Amino acid sequence: MLHINNLSKKFGKKPILQSISFSVRQGEIIGLVGENGAGKSTLLNILATIQKPSDGNISLNELTYEKDRKDIRKQIGFVPQDIAIWDEFTVEENMIFFEKLAWRRKDKSELKQLCLDMELNKWGEPVKRLSGGMKRKLNLAISLIHDPELLLLDEPTVGIDLKSRKEIGNYLKRQAFHQKKLIIYTSHDMDEINNLCDRVICIGDDPFYKNLLMDMGKDVISF
Amino acid sequence: MMNVLKTRLIHWRKQVFPLLFWLLLPIIAVILLIQAANAIQADSKVPVGLVVEENTQFAKDLAASIKQTPFIRVYETTEEDAKLKLEQHELDSAFVIKEGYEDNVRKGSRNRLVTSYKSDLSFAYTPVSEMIISYVQQDTGRSKAAHTVKALSDNYSPDQQWSWEEVVTKSKEVEAEESLLHTTFTFADSAKEDEENEITILNTWGLWAVFSILSTLLLFDWVIRENRKSLIPRFTFIRFSYKNYFVLNTLLYTILLFLFDLAAVISFNLFLNEPFAMNIWVLLTYRLMLNAGAFLLALCFNNIYLFYSASFALTLFFGILSGAVIPIEGLTQRFQWLEYVNPLDAFLSGRNSSLWLAVLLFIFALWYVRKEKSDASH
């Protein structure tokens, strides 16, 4: 269970996030929406321990972000918006490379299965020859090598074809449902958010997203 | 560490040929350059034929003196063969130490001791013949002096009987001890004379040091390739911080490069007859200095091609500044601070401590402990 209590973030004197509180249960997919610059990526970075909040508390399964930072990082899978893989390697080499540095060991067959689960079936293919969708899948697969409990995805489907988008969405749904992962997800694609997310957190002053999602019948929390 | 090595091996497998090229470049380039310089030096020597008709010590000593003369390549042969080769212009000139050389020297006769031949294309005949004449005059002068000393000894100190041979032998001993014919050249108003140094056209370890700067800098392009903004967040969620990852990889590169440094010591011994005189600690500290410098320099660049340009420019700069390739004694005597800013000075002087190493390791440590803007660096 992830608890965020009264979280705020300022850059200098400029407040970016103010008094954000919500909880995420096991197996739940949370969408994070808002206009550009509203603070979605900042919130995601704080939840990923990449940035520190100016105020407030966060805890994950009884571990607090302030005291148990290192242990919490072992339970987080972060999928950055930029594709963070080695272009000159094959899919296999990328998976092996990050497995060697990961907290949890996996053998080659497990790594291959992880790729196949998200329909990334180009094991021996050099990354530079992969489509954008395949690269996004590999970007996600690498973040899952250590079996994280909390999965944080920063626009993981931006700029890819519909088929790959659906495949990634289906995979995330399976992860939430079967593996009981907590998933927090940012996107500008409201159809995707509508189809994939159990609840939506709307950040920023603009009521556009909130109204749109409420029209779609979504459970929306806004800050 | 083993896991980092395995990840590094994946990178190295992808670039095995460039990696080997830059690792071997300092060794191969130095061997080729030195051997080419030696070959050019040998080819540029004047071919001179020498015929020794007499088997006396005096004749042998004269022949040995001629052979030791720099810039002359001596072919010992017969008079007929020497003349034939002279006609075919294979020899520049030929000299015959005639039968009776020692007897004539003993008698004080200075005529027709050595016969010379030249052709219409003998461009170096005059200096070579004058040089040989000077050796002969040295022998005849020594003989005349021996006769004079003996005569004086007979007249003024009859109880001390000096033979001609004893005086000649003593004269040669004094010449060897006092280096009577040694000359040093100094500039006017210079503080002191240079110490005697063997003249070498190219300095093996100096060349190697310069090529090593270039190859190390170019091998450290991995720092730019792997210091990607997009990849850094990944290191928050793996066992190694990105700084530890970089430090461990620098260590792996240091081990790899040091193994090739040791290979250079062996190769230079095998191919260039360099003695195993290289101090391992000096080599290791030089390697540490190079790697720390290359790593820190690479951290300053985002554009790999700018880094390559800077690497070539720096190598050229240090190559000239260090005096490793071209002697710069004149400059360092005038500007002594050049020795302090020269990163190769400690290595070429055989010292295992260097100001550069200390400064670079200090900056390296500062980089390691400095807190990054992002909280995720540690």
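Residues are numbered from 1 along each chain as its sequence is written, and chains are lettered from A, with ligands numbered from 1, in the order in which they are written.

Let me start with confidence, where pLDDT is the predictor's confidence in each residue, on a scale from 0 to 100. For the complex as a whole, the predictor gives an ipTM of 0.83 and a pTM of 0.75. Chain A has a mean pLDDT of 87, with 100% of its residues at 70 or more, and chain B has a mean of 83, with 89% of its residues at 70 or more. In chain B, residues 183-200 have a pLDDT below 50, and this stretch makes six contacts in the model beyond near neighbours in sequence; by contact I mean two residues whose C-beta atoms, placed from the backbone, lie within 7 Å. Where pLDDT is low, the predicted coordinates should not be read in detail.

Turning to chain A, there are eight helices and 10 strands, these being DSSP runs numbered from the N terminus, with helices as H or I of at least four residues and strands as E of at least two.

As for overall dimensions, the C-alpha trace of chain A spans about 45 × 40 × 35 Å along its principal axes. Its radius of gyration is 17 Å, which agrees with the value near 17 Å for a compact globule of 223 residues; the radius is taken over C-alpha atoms, and the globule rule is 2.2 Å times the number of residues to the power 0.38. Of the contacts in chain A with a separation of 6 or more, 67% are between residues 24 or more positions apart.

Buried residues make up 46% of the 223 residues in chain A, where a residue is buried if 20 or more other C-beta atoms lie within 10 Å of its own, exposed if 12 or fewer, and partly exposed in between, with C-beta atoms placed from the backbone. One example is Ile50(A), which sits in the loop between α1 (40-47) and β4 (55-60) of chain A. Ile50(A) counts as buried because 23 other C-beta atoms lie within 10 Å.

On strand pairing, two strands pair if DSSP finds at least two bridges between them. Strand β3 (residues 29-33) of chain A pairs in the parallel sense with strand β9 (residues 199-202) of chain A over four bridges, and in that pairing Leu32(A) has Ile201(A) as its bridge partner. Strand β9(A) also pairs with β10(A), again in the parallel sense and over four bridges, with Ser222(A) as the bridge partner of Cys202(A).

Chain B has 16 helices and four strands, and buried residues make up 26% of its 378 residues. An open sheet of four strands in chain B has the order β2-β1-β3-β4, with mixed pairing. Strands β2 (72-76) and β4 (114-118) of chain B stand at the edges, each with a single partner strand, so one side of each is left without a neighbour in the sheet. Strand β3 (residues 93-97) of chain B pairs with β4(B) in the antiparallel sense over five bridges, and there Val96(B) stands opposite Thr115(B).

Elsewhere in chain B, Ala292(B) lies in helix α11 (residues 280-299) and is buried, with 22 other C-beta atoms within 10 Å. Leaving aside neighbours within four places in sequence, Ala292(B) is in contact with Leu360(B), Leu361(B) and Phe364(B).

Finally, the contact between the chains: which chain gives 23 residues to it, and which gives 17? Chain A gives 23 and chain B gives 17. On the side of chain A that touches chain B, β6 (76-79) and α3 of chain A each supply at least two residues, and the largest share, six residues, comes from α3(A). That side divides into 14 nonpolar, three polar and six charged residues, with Ala, Val, Leu, Ile, Met, Phe, Trp, Tyr, Cys and Pro counted as nonpolar, Asp, Glu, Lys and Arg as charged, and the others, Gly among them, as polar.

Conventions
Predicted model: local features only at pLDDT ≥ 70, side-chain atom pairs only at ≥ 80, totals over all residues.
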